[in-house]
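Grab a pencil and work through these exercises with the model open beside you. Try each task before you read its solution.

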Amino acid sequence: MKRLLQGMAVGVLLLLPGLLQAAEVALEVLNPRGEIPPPPFHAPSERVSALDGKTVGIYWIGKAGGDNFWDGVEQLLNERYPNTKTVRYQGPFDLGDERATQIVKEVDTVLYGVGD
Amino acid sequence: MPTVYFTTSQFNENAHLSAEDNGVPNMRIVAVAADKFYRERISKERAAPVAAAYFDEMIAKLTQPVTAEEKSPKTKTSSRDTIKVTGESLEAALENLNDQFLSSQWTDGLPVVAPTVERVKWMLSGTTRSPEEELGPISPRNGMATVEKVAINAVMAGAKPEYLPVILAAVEGLADPQFDELHFATSTGSFNLVIGVSGPIADEIGMNSGLGMFSYGNRANSTIGRAIRMAMINLGQTWPAANDMALVGRPGAHAFPTFAENQAQSPWEPYRLSQGFAESDSVVTISVTGGYGQMGGTKIYGGGAVALVPPENVLKSVIDDIKSGRGAVRETPNGPVSGFGGSHRKFFILFNPEIAQELQDRLGYSRESLQAYIDDQTSVAFEDLHPAEIASVQRAIDSGYIPADRVETFKAGLKPGGKVPGLLRPGDAHFMVAGGIPGYTITMSSYRNGIYKPESHISKAVSGATLTQAGRTSSQDSVAAKQ
């Protein structure tokens, strides 16, 4: 009898990994992410081939100290591209259609700075 | 127009996400090292080497031809509807789920309840609304909020089905095209959201409107606030330092402060009536607040259990603080521009019950007369304005910032003996009664007008509830049905 019980115990031990494997738990859960409808795609605008003779707009959203950085950029542009003009703009992050249309008319290319 | 976008390295991911969200995923970006820019911007001399370090990159991005790859949209695969998570035991599977969800940026960092099919179905039993109903896109990434997606997030937050109609109303507020969720969800300031429930559903679902109304320990308050945070993470798809750029985080990091109006101890008619809703309605108000201090942040008034502060002094302090903001009177270079410190503020005042009772019983203020008194007393006398402030108000009128129906009032204020309103519109100092006895009065302030959309405070009626008597229909349903 004792031997029989020992044999059964060994059998259970041998089967245990299989039993544990069979006990793997699977949870099927729902994805919490909202679908993002893809917005219309716009490629970057064609670049100017060179800056010489061009007008460069510099748009800054006006946060403190940024002007010092843009002064440095403007100075380098003037030094290295003497025939290039710069026009400085300042306004809110979202410049709006009216301002954007105005800038498009006045310059050939734009540096847009957020600073944050 | 060929453009190069300058940002700092801390905001580089944010810039790329914004570009993608706006349909320009291949926008050319220069990311200036944040540790250099913010320290060196203090003077021209110190900023010049930083500018020089990025000059060649800037020139290249302005002049190198756009490549074929840049001209091609990236293809994105749609996310799977269901996900299978396994483990050697239930505990292991739940742990794996939390790890997987967190690494996918789908949770707030605290463990969540697994949104199993059965659990979400259980959550949806709280509403008659169709799971497919679209409430609208949620900023900043414009993930669509459907009733089912909100329910999934409500499950994760630990909510119960009877809270779902309240959560849906709050999400409707977030998705409202008039409500500026984008700014408060992404700003570098610690702007936050507060959620207030006015109406009988609050009692039915066991919300706390009394002592410690913003505290832990109440499942409805806690999980409604957390479900809205979850919805912003998964529908708006925010993530800290990626597109939620709050420099010190937001007070509602895991759950936005959520409370119920204490109507039982209020001497006044409910807040929802002042917003055009019916007595029988249950209404959820979401309001942007200044978080850890922006735009006045949250302030506390009165003596609580400790000091004796007469109610008239509490009211005067509240009014003085509102007035100190000076609205459009503030001298700003461009006139009042939202986001540049010159715009009007709006206030959400929570009067504690004993102050409210004293204001009504001893000082004779009804809700209506108190609102009128606050509107009047927060105005600034013409004689107290200096010339630059007068010019600022005039610019506000000329630029169209002042709403057409308020222009005459503002113009009248620019004459001897006149008063310029400190609030853009009457009623911009919203108030409810909340908290217990004793309590404190608090004010929470933020921009009146959002930066990107017009409103920073909005109320929505609860409807479609199945497990409560309140919130099954709303007076707004009948208005909508007639239209």
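**Exercise 1: a charged pair in chain B**

Look at B:Asp321, which forms a salt bridge with B:Lys299, their closest N and O atoms being 3.8 Å apart. Find out which elements this pair ties together.

*Solution.* Start with the term: a salt bridge is a side-chain nitrogen of Lys or Arg within 4 Å of a carboxyl oxygen of Asp or Glu. Helices (H or I, at least four residues) and strands (E, at least two) are DSSP runs, numbered from the N terminus. Last, check the cover: B:Asp321 is partly exposed at 25% relative accessible area, and B:Lys299 is partly exposed at 34%. Here buried means under 20% relative accessible area, exposed over 50%, and partly exposed in between (1.4 Å probe, protein chains only).

A word on the ground rules: this is a predicted model, where local features need pLDDT of at least 70 and side-chain atom pairs count only at pLDDT 80 or more, while totals for chains, interfaces and linings use all residues. Residues are numbered from 1 along each chain as its sequence is written, chains are lettered from A and ligands numbered from 1 in the order in which they are written, and side-chain values use heavy atoms, with hydrogens and water left out.

**Exercise 2: over to chain A**

Is A:Glu74 buried or exposed, and which residue does its side chain meet in a salt bridge?

*Solution.* Take the partner to begin with: the side chain of A:Glu74 meets that of A:Arg88 at 2.5 Å, N to O. A:Glu74 belongs to helix α2 (residues 66-80) of chain A and A:Arg88 to strand β3 (residues 85-90) of chain A, so the pair links parts 14 residues apart in sequence. Now the cover: A:Glu74 is buried, at 17% relative accessibility, whereas A:Arg88 is partly exposed at 30%.
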